Amino acid sequence: MTVPATLPRSRQRLILAVLLLSSLLIWLDNTILATALETLADPVRGLGANPAQLQWASGSYTLVFAALMFTAGALGDRYGHRTVLVTGLIVFAAASVWAAYAGDPAGLIAARAVMGVGSALIMPATMATVTWTFTGPARASAIGLFSTSAGVGLAAGPLLAGVLLDHFWWGSVFLVNVPVVAVALIGIAVLVPNFRSPTPRPLDLGGLALSVSGLAALAYGLIRAGQVAAWTPVQVWAPIAAGLALLAAFVIVELRSGQPSFDPRLLAQRVFGGGNAALGLLFLAMTAAGFYGAFYLQGARGFSPLAAGLINSPAAVGVIIGGPLGVRLVRRFSLRAVTATALTVGALCMGSAVFFGLHTPIIWNVTLAAAQGFSIGMVIGSVTSALMSTLPLDRAGAGSAVTNTVRQTGSVLGIALGGTIMAITYRTGIQAALTGLPDVAREPAQVSAEQARHVAAAINRPDLSHAADDAFIHAMHVGGVWTMIFALAGAVVLAFTLRPRPTPATPEPEPSLAAAGQN
């Protein structure tokens, strides 16, 4: 099917439900893993993974997800978005089983990378199918509902992970993906047409190689900085420089291509480029904040995985409410006013981590989590709707790939930077407490607070455990400031790029969902 047929409204709604379930799978998995990080770091209950290995367990997934996104969009335009979606779901389920039974951190990292392949096939196909299925304001509303799907995943993931981790081994958090995939596959087979572009783009294997190698080198350098607790060693700055050079070469290659799979020219459009830059910064900040959030509640505060999930659940409820509300508010006011304000509020909520300590009343966590989720939901839903509505149908796959690639690139950088900032700050803060310890105890204790607590218990040094908690809290405070800065930068980008630019002859109205949906 190369042109969108007029589908009955009832079938459109069922198609949307199936696509939301497929999207839910990705959000569910991300939040489940975040809840399981503390367990995976435990030498007894988990794999004894160090911070760098945990960064790669998250980062390998998002790195592959980001790098393959534009290729997946081209595959959907060529072979049909339903075909690509089904393939992605099958790959995701198979890799989930592999991850569940991984015997060491290296196996888990590899399995997570393959899961990233599945997600890279799933996400562009779902967004492109929505773009083909709906038109006008209905399309904006449908895309806005993906924020609701994200909220459901954010809410269900930590709670489900908490129940599973309290009753089963850590691998069960990955097996839960399999039944979700089975239900989604049945719905796709029955309901979803195989939309495809009438002018498919060629596969860009050269661009794929440059993007994968560039992101991998950049992430390696950033994560390596956390391992050596410094930015100046050659094994840190050389991979970072090489990664940036490879990514620059990737952009040049795509600009010179007649039919690029990842089209940087789309980012030159004021609304599309500015919105994507803001979303990238938001996802960077969100991922960095989420990385230390799980260690705060479960490690420093001692809450169980289920209790930590319940504490964070108001954030997911906020996303569920904020997504659709943001779309409605933009129709009444403007995209710029609503989203720039909401992202500013979300940034301040992230920065509030500087006020959290070992004895902060938990009601403050709950309240600020709800406010942050509400704000983020308004931004993601409204901005994504506006971006996709500015694209013609034949660029739906390419545009979706660009948007999701930018998001996941922000997530990769958030994991690398957030984890590295936390590791360097923690290692600096714990050094005084390690004086006099033998190497066999000092080495693991300076790696992470989780390792330090186990060392303290083994050698009967409760003071070392207290010092590890204090060093972690300080690291979290520093990380909170940086996440706030990144998110505030996104708000500035929205305020600047979405401003009205009238001309004497034909004034240009400020972009809004109502206007964007008409394109």
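**Notebook: core and surface of a predicted model**

I began with burial: 59% of the 519 residues of the protein chain count as buried. The model is predicted, so I checked confidence next. The protein chain averages a pLDDT of 80, and 86% of the residues score at least 70. Over residues 512–519 the pLDDT is below 50, though I note that this stretch has 15 contacts in the model beyond near neighbours in sequence.

I then looked up the secondary structure and found 18 helices and zero strands in the protein chain. For contacts with a separation of 6 or more, I noted that 82% come from residues 24 or more positions apart.

The largest nonpolar core has 90 residues, and L108, F174 and F472 touch the most other members. Helix α1 (residues 9–41) gives the most to this core, with 14 residues. I also recorded a second, separate core of 42 residues, with L222, A225, L282 and V379 among them.

I listed the contacts of F174, leaving out residues up to four places away in sequence: F174 touches D29, L33, S96, A99, A100, L108, R112 and M115.

Last entry: the surface. The protein chain exposes about 19000 Å², and carbon and sulfur atoms supply 70% of that area. Which residues form a nonpolar patch on the surface? I found V97, Y101, F168, W169 and V178, with about 510 Å² of accessible area together. I placed V97 in helix α3 (residues 81–100). V97 counts as partly exposed because its relative accessibility is 37%, and that class lies between under 20% for buried and over 50% for exposed.

Terms used:
Residues numbered from 1 in each chain as written. Predicted model: local features only at pLDDT ≥ 70, side-chain atom pairs only at ≥ 80, totals over all residues. Heavy atoms only, no water. Patch = residues over 30% accessible without salt bridge, like charges linked within 9 Å, V, L, I, M, F, W, Y side chains within 5 Å. Areas by Shrake-Rupley, 256 points an atom, 1.4 Å probe, with all protein chains shown as cover. Salt bridge = Lys/Arg side-chain N within 4 Å of Asp/Glu carboxyl O. Helix = DSSP H or I, 4+ residues; strand = E, 2+ residues; numbered from the N terminus. Buried < 20%, exposed > 50% of the residue type's maximum accessible area, 1.4 Å probe, protein only. Contact = heavy atoms within 4.5 Å. pLDDT = per-residue confidence, 0-100. Core = buried A, V, L, I, M, F, W, Y, C linked by side-chain atoms within 4.5 Å.
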